Amino acid sequence: MASQRSRVPAPGADLRTIAHEYRLFAERQAKGHSPVYEMLSAAVAGDQRLLALLHALPPVKRQPNLLLAAARHLGAPLDSTGEFLTWVVTHWDQVSSSYSPD
């Protein structure tokens, strides 16, 4: 079932590649299973602020399911893409450290 696993961006991936991975996650993995994750991962794909923050992480930590689960666990608003994106950017240190400890 490799097609159902999150693909990890290659080292050195640029923001477009990360955005593409989030779009793929929305279209191929979340669609039909999690409308919320589908909506949020598509929104992340279009947000340059968040893509830049993700780019600073090690490639294996950029996976959509990791970001979404960490944000959800920490109480991010899930019913509005704008509020979600702003919340994640504002709380980035907490979000990223919750699944990517130093």
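Reply: Buried means under 20% relative accessible area, exposed over 50%, and partly exposed in between, with a 1.4 Å probe and protein chains only. Helices are DSSP runs of H or I with at least four residues, strands are runs of E with at least two, and both are numbered from the N terminus. This is a predicted model, in which local features need pLDDT of at least 70 and side-chain atom pairs count only at pLDDT 80 or more, while totals for chains, interfaces and linings use all residues. Residues are numbered from 1 along each chain as its sequence is written, and side-chain values use heavy atoms, with hydrogens and water left out.

Me: Which residues of helix H4 are buried?

Reply: In H4, residues 64–73, the buried ones are Pro 64, Leu 67, Leu 68, Ala 70 and Ala 71.

Me: What puts them on the same side of H4?

Reply: They cover an arc of only 165 degrees around the axis, taken from the directions from the helix axis to the C-beta atoms, and therefore lie on the same side of H4. Their cover includes helices H1 (15–30), H2 (35–45), H3 (48–55), H5 (81–90) and H6 (92–99).

Me: Why is Arg 62 said to have no salt bridge?

Reply: A salt bridge is a side-chain nitrogen of Lys or Arg within 4 Å of a carboxyl oxygen of Asp or Glu. For Arg 62, which is buried, the nearest side chain of opposite charge, Asp 14, is 8.5 Å away, so there is no salt bridge. The side chain of Arg 62, in the loop between H3 and H4, does reach the backbone oxygen of Leu 54 at 3.2 Å.

Key:
Contact = heavy atoms within 4.5 Å. Lys, Arg positive; Asp, Glu negative; His and termini not counted. Polar contact = N/O pair within 3.5 Å; in protein donor to acceptor, adjacent residues only side chain to side chain.
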